[in-house]
Amino acid sequence: MTDFLQFSVIGLLTGGLYSLIGVTIVIVFKASKVVSIAHGQLLAFGALFFWIFMVGLGYPLWLSFLLTLILASLMGFFIERFTMRPLIGQPLFSSFLMTFALFIFLDGAFQLYLAGQTRAYPHFLPQGQWDFGGVIVPKGQVVNFLISFFLFLILALSFKHTRVGLKMRATAEDHRLAQSAGVSVRNIFTYVWIISAILASISGIAMATVTDIHYPLPYFGIKGLIVALFGGMESIGGALLAGLILGLLENISAGYLDPILGGGIKDVAAYVMLLLILLIKPYGLFGLARIERL
Amino acid sequence: MRASGIFDKTYQKDIAIVRSWQHWMLLLGTIAFLFTIPLFASYYFINLLSNIFVTVIVVLGLQIVTGYAGQISFGQPAFMAVGAFCSAVLTLKFGFSFWLALPLSGIAAGVVGIIGGAPSLRIKGFYLAMATIAIFYVTMWVITHLKITGLAQGLSPPPPKIGNFVFDTDERMYYIIMIATLILTFFARNLVRSRMGRIFVAIRDNDLAAEVMGINLYYYKLLAFFISCFYAGIAGSLLGHWYMLVNAEQFTLLHALTYIGMIIIGGLGSIPGAYFGVIFLKLLDELMLFSSPFLVDMFPWLGMGSAASLSLMAFGLVLILFLIYEPRGLARRWEIFKTSYRLYPFRYGEQ
């Protein structure tokens, strides 16, 4: 029982981060119907920028965080402006391919900088852990979870209650209608990319405090895609739930099956889950089923 | 577009792939050239060519399933791995000869591919892409966790041999790879203009409409996956016996992305496009490999050993530019060139 609780707690805490990555993909999809693989790189670069400012250049924590967010939003802006916008009017599938071209390009840059090494942050999150009768809860991960939950809340509320959020929802509903009601759809696309780049970089930093910055970090973006698909591509709340479920499932199955089957269950569990979802409920938990006509 | 004055007078001529004697000369000349390359070319060049040919086989398979049948597949390296490991296991553990193991590994990869392609019956587009990524990871996990495939270290299959003649050098292996590529190219070229190829195109363009017209979607989608994975399996088997080493590190998701990139750059839905894409990207790789010492000299902060990352960046950049400026790839440029060359003084062949 202690084992089970231990696995679930770690799973939930990791799941919070997965939801944040998932939601960055969901908001881009909601607004522009583009599925992005490139978010894994946005995440990795966020973590990398933060490392460069904090460790490489020795800036204080708040300044490096701020500069990271600025650089991340610039990245989001450039990606939208120079790679996504020229493809408007072409089939959506070429936008999908574009994000994966971006993934390859940024992957090269990421590997170029890392050169096969691992970069670790100094400990800026609270260290140590709480012990609840054998169940160990690391403090740093709790902080990560709370931060991502808080960001989630802000995002959901600003979608509901701000003017830009309203415009974004209108754009998600129907591009042409939104445009005729005076919403600049182009600007909305830019905003969405910037916001999701910022969120992705924050989740990247949070991820890197747990795993350090090393090569497979960009591939957490694929975890985000799994979350987005599982929750339904249109649903922000779905991403939250799906991220938590994915984290739980990964950790519990890895905890119990790894000793028997010999390692690597964590990733495979996620992909097996993805396959099952796609076969049973292709549009996710809260996604809209699409009706096709000739 | 034909040059002026050339007409098809018989049915045979109308359906011929090779139309004129110049065409025949060019084809035979190319094949003869390919056969004589090892006589004068350097070791490095032969290696590069074999590498290109193996990749061409995989990309041809991908071209059939993605370019023609419209079902995107990121699972190609996993099916290559299935082929490679199958042929290694058959030759090492069961004592099969390479010549039997080669087609069998193709079929094994094809069967796994049918299982892998099963989600395409329900989903399409990027949902299918995600499903194939999942299949990729699951397959690779199974391969690296089975005892018979040597766990993480992999296996070292023996080189093929006929009687006492062992194909253990790069030049000898080049012949096997080249001949396999020629046969498979011929097969693919004919396949896509047969009834089956036309059905694939119909499914790609609008699968609902194709179904309404009486095409059995399930059968043909799975068939497309089978054929493409058969190609991948053959390529994997050749690669394994050429390197005399197979392990999971040779088949990564990045390879899958590269293959997709190759068919985009070459041109989706075109057999010559597969060649263009592979050759273009392999040459780009080599270019980056050669130029990276100079680049490092110029920009010392790049650091040593940056060639791989630099070529990855170059690849990404080229892919971005192609998607924006020429989404139909080099194959379309080639068609435009051919038309304008044939109609030379006149200009109305350009589309």
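How many residue pairs in polar contact, both at pLDDT 80 or more, are counted between chain A and chain B? The count is zero. The legends below walk through this predicted model, one close-up at a time.

**View 1. Where chain A meets chain B.** Let's start with the two chains side by side: 48 residues of chain A and 43 residues of chain B take part in the contact. About 4000 Å² is buried between chain A and chain B, and carbon and sulfur atoms give 83% of that area.

View 2. On the side of chain A that touches chain B, at least two residues each are supplied by α3 (61–84), α4 (92–114), α9 (220–231) and α11 (265–280) of chain A. If you want one helix to follow here, pick α4(A): its 16 residues are the largest share of that side.

**View 3. The two domains of chain B.** Now look within chain B, which is divided into domain 1 (49–251) and domain 2 (252–351). Taken over C-alpha atoms, the centres of domain 1 and domain 2 of chain B are separated by 23 Å. Their contact takes 31 residues from domain 1 of chain B and 20 residues from domain 2 of chain B.

**View 4. A close look between the domains.** The area buried between domain 1 and domain 2 of chain B is about 2100 Å², with 79% given by carbon and sulfur atoms. Salt bridges between these two domains number zero, while seven residue pairs are in polar contact (both at pLDDT 80 or more). On the side of domain 1 of chain B that touches domain 2, two or more residues come from each of α3, α4 (76–93), α6 (126–144) and α7 (170–191) of chain B. Here α3(B) gives the largest share, 13 residues.

**View 5. The largest nonpolar core.** This core has 195 residues, and those with the most contacts inside it are A:F100, A:I213, B:F74 and B:L238. Helix α3 (residues 43–68) of chain B contributes its largest share, 15 residues. Because domain 1 (49–251) and domain 2 (252–351) of chain B both give residues to the core, it lies between them.

**View 6. Around B:L238.** Leaving aside residues up to four places away in sequence, B:L238 touches B:I57, B:F98, B:L102, B:M173, B:I176, B:I177 and B:A180.

Conventions
Residues numbered from 1 in each chain as written. Chains lettered and ligands numbered in written order. Predicted model: local features only at pLDDT ≥ 70, side-chain atom pairs only at ≥ 80, totals over all residues. Heavy atoms only, no water. Core = buried A, V, L, I, M, F, W, Y, C linked by side-chain atoms within 4.5 Å. Buried < 20%, exposed > 50% of the residue type's maximum accessible area, 1.4 Å probe, protein only. Helix = DSSP H or I, 4+ residues; strand = E, 2+ residues; numbered from the N terminus. Domains from an automatic or database assignment. Contact = heavy atoms within 4.5 Å. Buried area = accessible area lost by both parts, 1.4 Å probe. Polar contact = N/O pair within 3.5 Å; in protein donor to acceptor, adjacent residues only side chain to side chain. Salt bridge = Lys/Arg side-chain N within 4 Å of Asp/Glu carboxyl O.
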